[in-house]
Amino acid sequence: MTDSVKNKYSILLPTYNEVENLPIIIWLIVKYMTKSGYDYEIIIIDDGSPDGTLEAAEQLQKIYGEDKIVLRPRERKLGLGTAYIHGIKHATGNFIIIMDADLSHHPKYIPEFIQIQESKNYDVVSGTRYLGNGGVHGWDFKRKLVSRGANFLTQLLLRPGASDLTGSFRLYKKSILEKLIQSCISKGYVFQMEMIIRARQFNYTIGEVPIAFVDRVYGESKLGGSEIIQFATGLLYLFATT
Amino acid sequence: MTKLIEWLTVFGCIFCAWAALVTNKIENNFTKQYFSVILYSPIIFVVLFGVYAAMVVLYRTFTFNNCEEAAVELQKEIKEAREDLSKLGFKFKKRSK
């Protein structure tokens with residue numbers, strides 16, 4: 001690294017009932033981050049999972065050390081936005097990486113995110129399923145059609161300057177993420193869309209890395225009527241306000 | 001300016017121009033000759049755009065990468081992780097499934 005100040009990457013992992021996935025994802029992060037040589041820490045924010053996720057996290061902390069695995073559990077489910085705020089407060093890195101703990105986001109992409117960020121000093125780097133070698137695994141035709149249709153509509157109406165708005169595998173400069181979270185009102189998964197749209201509004205630069213999204217290996221994935229309604233209202237809200 | 005206002009502005013301008021043509025505020029040989037095309041042009045435009053959108057979305061759906069390799073690789077790595085973690089002393093919870 002040419003920088004005199006060494007970068008550090010704080011990886012935020014919000015979890016809820018991920019006892020099966022958590023050890024695997026941690027193992028993968030450690031594997032790829034060790035190989036790439038970047039300085040990092042993993043902050044696990046467990047929202048009172050009844051399945052023993054926190055106990056698993058404690059075991060992992062013993063194995064990998066308290067400097068690598070940081071536990072910041074909360075009493076109960078309080079939502080993604082506040083989980084990030086909670087995690088950032090304890091993050092010691094100057095960059096924050098946000099990803100899902102359900103193995104749909106593979107840690108092998110993190111070094112790529114970092115390289116892209118460094119190449120153009122991007123404020124945000126977003127994983128995308130819709131470009132280049134990116135894609136999804138485990139989706140049937142209907143699910144792909146809905147996803148592509150929703151993405152087309154979003155691109156048409158919002159022209160966000162990023163190809164994947166609903167994905168949540170991203171790298172942010174810490175100060176930028178703090179500012180974005182403060183200015184975002186939406187909850188749940190519309191929150192991810194709003195983050196990128198606000199980033200565009202503030203003229204932050206956005207880089208992209210194609211990712212292969214492997215849908216939940218353990219547990220169930222959801223796409224129901226309520227997700228579609230959530231998406232539609234979120235889209236209209238952003239269309240009218242940004 | 002919000003995206004909504006942008007859209008309203010652009011469509012408002014186009015609508016005014018179209019209204020001026022169909023109500024004969026602007027009149028010349030060209031508009032007389034193609035009056036019905038001009039009259040129905042919004043519908044034609046919507047239909048054409050609909051076809052374009054459907055084609056694009058369907059094309060992208062069919063060419064959406066399946067990422068089989070990534071899934072296979074992940075399964076392999078999960079096995080590896082379980083073995084390695086067990087060696088490191090990690091106790092996996094009994095799987096309920």
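With which side chain does the side chain of A:Ser104 make a polar contact? The partner is the side chain of A:Asp102, at 2.6 Å, where a polar contact is a pair of N or O atoms within 3.5 Å; within protein, one must be able to donate a hydrogen and the other to accept it, and residues adjacent in sequence count only if both atoms are side-chain atoms. The structure is a predicted model, in which local features need pLDDT of at least 70 and side-chain atom pairs count only at pLDDT 80 or more, while totals for chains, interfaces and linings use all residues. Residues are numbered from 1 along each chain as its sequence is written, chains are lettered from A and ligands numbered from 1 in the order in which they are written, and side-chain values use heavy atoms, with hydrogens and water left out.

A:Ser104 is located in the loop between strand 4 (95-98) and helix 4 (110-120) of chain A; helices (H or I, at least four residues) and strands (E, at least two) are DSSP runs, numbered from the N terminus. With a relative accessible area of 1%, A:Ser104 is buried, a term for residues under 20% relative accessible area, with exposed meaning over 50% and partly exposed in between (1.4 Å probe, protein chains only). When residues up to four places away in sequence are not counted, A:Ser104 touches A:Ala212, A:Phe213 and A:Val214, contact being heavy atoms within 4.5 Å.

Strand 5 (residues 124-128) of chain A has five of its five residues buried, so it is largely enclosed by the rest of the structure. A:Val124, A:Ser126 and A:Thr128 point one way from this strand, and A:Val125 and A:Gly127 the other way. Strand 5 of chain A pairs with strand 7 (residues 170-173) of chain A in the antiparallel sense over three bridges, pairing being assigned if DSSP finds at least two bridges between two strands. A:Arg170 in strand 7 of chain A is the bridge partner of A:Ser126. Strand 5 and strand 8 (residues 206-210) of chain A run parallel and are joined by five bridges, with A:Gly127 opposite A:Val209 in strand 8.

Side chains of opposite charge can pair when their charged atoms come close. Over all chains, 11 salt bridges are counted, each being a side-chain nitrogen of Lys or Arg within 4 Å of a carboxyl oxygen of Asp or Glu. One of them joins A:Glu41 and A:Lys8, at 3.8 Å from N to O. A:Glu41 lies in strand 2 (residues 39-46) of chain A and A:Lys8 in strand 1 (residues 8-15) of chain A, so the pair ties together parts that are 33 residues apart in sequence. Both A:Glu41 and A:Lys8 are buried. A salt bridge also links A:Asp215 and A:Arg143, whose closest N and O atoms are 3.5 Å apart. Because A:Asp215 lies in the loop between strand 9 (212-214) and helix 8 (225-241) of chain A and A:Arg143 in helix 5 (residues 141-158) of chain A, this pair ties together parts that are 72 residues apart in sequence.

The closest N and O atoms of A:Glu20 and B:Arg82 are 3.7 Å apart. A:Glu20 is buried, with a relative accessible area of 16%.
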